[in-house]
Amino acid sequence: MDMTQWLNTIWRQAAGLTWDFEIWDVVDIAVMAYIFYQVLMFIRRSRSGQVAKAILLLFVALGLSSICHLDSINFILSRTLELGLIALLIIFQPELRRLLEQMGSGSLKNSFIREERGNEMENAIVQTVAAYASLSRDKVGALMVFERKTMLDDVIKTGTELDARVSAELLKNLFWNKAPLHDGAVILREGRIVGGGCMLPLSGNVNLSKDLGMRHRAGIGISENSDAVVAIVSEETGSISVAINGMLKRHLSPETLERLLRNELLPDPEPKSSPGSKLTGIFRWKKGDKSDGKENSGQ
């Protein structure tokens, strides 16, 4: 069979399939694709990626044990997967409960679609920069976490859950040294304050500079465990720092802080002409920036 005959055979088989293809098949495939996509996005947003990898490895091991006739291993893995549904219900109980609550309140759409809140984030950045400029002058410690794709529900539960629009005066009151929530971190989600007084995991990096206090180590720690952007004000020196992906940028001016937050948190309206304008693990700045001191937490 030459190439032309082979192509004709493939074309006839494909044409025969299309005759049996109905509109409900398209709907069925579209719904399943949407559900699969949302499951992948849920795994990506939450910190359940390792669990998903473990489940996938179990399925692969089960298939290999069946092909290779490893009966004992196949028996054990089969029973493990039978109990896996109960284990998943326990592991993802908070997420499933939130989903059911949203279904009951008629806001199921919000459990899958994260609406764009450009105005909220724009306001949050402007108010944060104004508050940090004042806090820096007064040497008042501050720790703010801008949540991105990795959900920080577990961190929010360690503090006080809030739902407030960001304002400079509110931030200054939250971080005032006699306020009840000043010791912890403020968590922002889509431009709104959703938690205050939250406890963050400390960085386990032993190579951090000795002059970094607990506030900076907590900021680096949460940036190592998520994709969050963390803004810090030192209580001792009043200097402004930002941590992303385990990297710490220190001694920032308010103008540099605003530029960084805009680059990281606001969507680009159009492609940039010069590459590397965004910070993804490595901080890049304009030449001549006076506050250009960089510290890599791994050094």
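Predicted model: local features only at pLDDT ≥ 70, side-chain atom pairs only at ≥ 80, totals over all residues.
Me: What makes I232, S234, S241 and L248 contacts of H216?

Reply: Contact is a matter of heavy atoms lying within 4.5 Å. Once the neighbours within four places in sequence are left aside, H216 is in contact with I232, S234, S241 and L248.

Me: Where is S209 found, and why is S209 called partly exposed?

Reply: S209 is found in the loop that runs between β4 and α11. Its relative accessibility is 24%, whereas buried requires a value under 20% and exposed a value over 50%, so S209 falls in between and counts as partly exposed.

Me: How do you know that the side chains of S209 and D211 make a polar contact?

Reply: The two side chains come to 2.3 Å, and the cut-off for a pair of N or O atoms, one able to donate a hydrogen and the other to accept it, is 3.5 Å. The pair S209 and D211 is therefore listed as a polar contact.

Me: How many salt bridges does the structure hold, and what makes E120 and R165 one of them?

Reply: The structure holds eleven salt bridges. In the pair E120 and R165, the closest N and O atoms are 3.7 Å apart, and the limit is 4 Å, so this pair counts as a salt bridge. E120 belongs to helix α8 and R165 to strand β2, which means that the pair ties together parts that are 45 residues apart in sequence.

Me: Why is E120 called buried, and why does R165 get another label?

Reply: E120 has a relative accessibility of 19%, so it counts as buried, the cut-off being under 20%. R165 has a relative accessible area of 47% and is partly exposed, because exposed would need a value over 50%.

Me: How do you know that R262 and E122 form a salt bridge?

Reply: Their side chains meet at 2.8 Å, N to O, and the limit is 4 Å, so the label applies. This pair links distant parts of the chain, with R262 in helix α12 and E122 in helix α8, 140 residues apart. R262, at 27%, is partly exposed, and E122, at 30%, counts as partly exposed too.

Me: What makes R148 and E264 a salt bridge, and why is E264 called buried?

Reply: The side chains of R148 and E264 meet at 2.8 Å, N to O, where the limit is 4 Å. R148 sits in the loop between β1 and α9 and E264 in helix α12, 116 residues apart. E264 has a relative accessibility of 6%, so it counts as buried. Elsewhere, salt bridges with shared partners join E120, D163, R165 and R192 into one network.

Me: Why are the phi values of K139 and E190 worth noting?

Reply: Most residues other than glycine have a negative phi. K139 is not a glycine, yet its phi is positive, at about 55 degrees; K139 is placed in the loop between α8 and β1, and at 45% relative accessibility it counts as partly exposed. E190, also a residue other than glycine, has a positive phi near 55 degrees, and E190 lies in the loop between β3 and β4.

Methods:
Residues numbered from 1 in each chain as written. Heavy atoms only, no water. Helix = DSSP H or I, 4+ residues; strand = E, 2+ residues; numbered from the N terminus. Buried < 20%, exposed > 50% of the residue type's maximum accessible area, 1.4 Å probe, protein only.
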